Amino acid sequence: MEQKKRIFSGIQPSGDLTLGSYMGAIRNWVALQEEYDCLYCIVDMHAITVRQVPADLRRRSLEQLAQYIACGLDPEKNIMFIQSHVPQHAELAWVLGCYTQFGELSRMTQFKQKSQQHADNITAGLFTYPVLMAADILLYQADLVPVGEDQKQHVELCRDIATRFNFSFSDTFTLPEPFIPKLGARIMSLGNPENKMSKSDPDGCVYLMDKPEDIMRKFKRAVTDCETAVRFDRENKPGISNLLTIYCAATGKTLEDAEAEFKDQGYGVFKPAVGEAVVELVRPIREEAARLLSDKAYLESIYKQGAERASALANKTLRKVYKKVGFVAR
Ligand code: TYM
């Protein structure tokens, strides 16, 4: 039988899971799980590149695992684990950092944005963040990395690092491709549709665990424009275009169908309709995650087994790398 291709992806437990992460990434993870051999990680080591409250980070890491499963990821089919449980990530990151240029890291958009947001705490970890991400992907020889638009640049850098390493030694790493959805790759903030929806902006952000009334309130207050037409035009109508994208991603309808549906209706009808579609989309996820969270022993068994399986795979790559760069075998 032909070997299945491999997927790796991860999300930082630096905030609760958002509708953006769901539409940009997790939905595709669920869709691809039959066809690929998949590893899904809770990247807690990435999360500490900006300050975290330790107790919150610990709680959210576990909640994130429950939410992965509640979104439809099958723990029997996929390897799900916590990044800090597999020490090979940090080990490979060190080696790859020695094959990454300072200039390359300086050009990363996310670094530039985050170092502005956290101007009083620009750590070396924030700067080398994409190297750790490259290690995540390359350790497992991943073919495909399903992510939202904002992570494309990091996956491209990962390919550049892998190409350089393969060229310096011999073929060691599989070159990964980003997998970015056509619809939902960049969900914007409800409060400021010029910005990406992000976990650190509670008003503009819908969390998968939000209660229905909170979701409805956020959509009713969503910033739009002073026209009345429900029409997709990203340039001139970013708020409405974002809501149309969310509506279509939530219902499976096409943009044309959605525009036709609300043709003779104003924003007062459209905005709550988007809210309701999202409430229905996330309701089963929220309920299932709450149920799973009451069974800590089950979650523990998943992440422990996940770390063991991931570590065995990671070890194979790391041994090869250590040998190639000239380290003495243990
Ligand atoms: P993170 O935690 O910021 O986001 C997780 C995933 O959700 C996507 N995403 C979005 N997609 C559409 N619209 C949005 N508003 C939106 N916000 C977030 C992100 O693109 C991402 O796919 N560096 C990564 C985590 C990571 C990783 C990896 C990913 C670490 N190692 C290895 C893939 C492979 C990050 O910060 O994602």
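In the largest nonpolar core, which has 62 residues, Leu19, Met23, Tyr68, Phe219 and Ile246 touch the most other members; such a core is a set of buried Ala, Val, Leu, Ile, Met, Phe, Trp, Tyr and Cys residues joined through side-chain atoms within 4.5 Å, where buried means under 20% relative accessible area (1.4 Å probe, protein chains only). Helix α12 (residues 267-293) supplies the largest share of this core, 12 residues; helices are DSSP runs (H or I, at least four residues) numbered from the N terminus. The model is predicted, with local features needing pLDDT of at least 70 and side-chain atom pairs pLDDT 80 or more, while totals for chains, interfaces and linings use all residues. Residues are numbered from 1 along each chain as its sequence is written, and side-chain values use heavy atoms, without hydrogens and water.

Beyond its neighbours within four places in sequence, Leu19 is in contact (heavy atoms within 4.5 Å) with Met197, Val206, Leu208, Phe219, Ile246, Val278, Leu281 and Val282. A second, separate core holds 43 residues, including Ala93, Leu132, Leu157 and Ala307.

Turning to the helices, α3 (residues 54-70) packs against α13 (residues 296-325) at an angle of about 85°, with the axes 10 Å apart; axes are lines fitted to C-alpha atoms over the stretch in contact, and angles run from 0 to 180 degrees between N-to-C directions. The two helices, α3 and α13, are therefore roughly perpendicular, a term for angles of 65 to 115 degrees. On the α3 side the contact is made by Leu62, Leu65, Ala66 and Ile69, and on the α13 side by Lys296, Tyr298, Leu299, Ile302 and Tyr303.

Conventions:
Buried means under 20% relative accessible area, exposed over 50%, partly exposed in between (1.4 Å probe, protein chains only). Angles under 35 degrees count as roughly parallel, over 145 as roughly antiparallel, 65 to 115 as roughly perpendicular and the rest as oblique.
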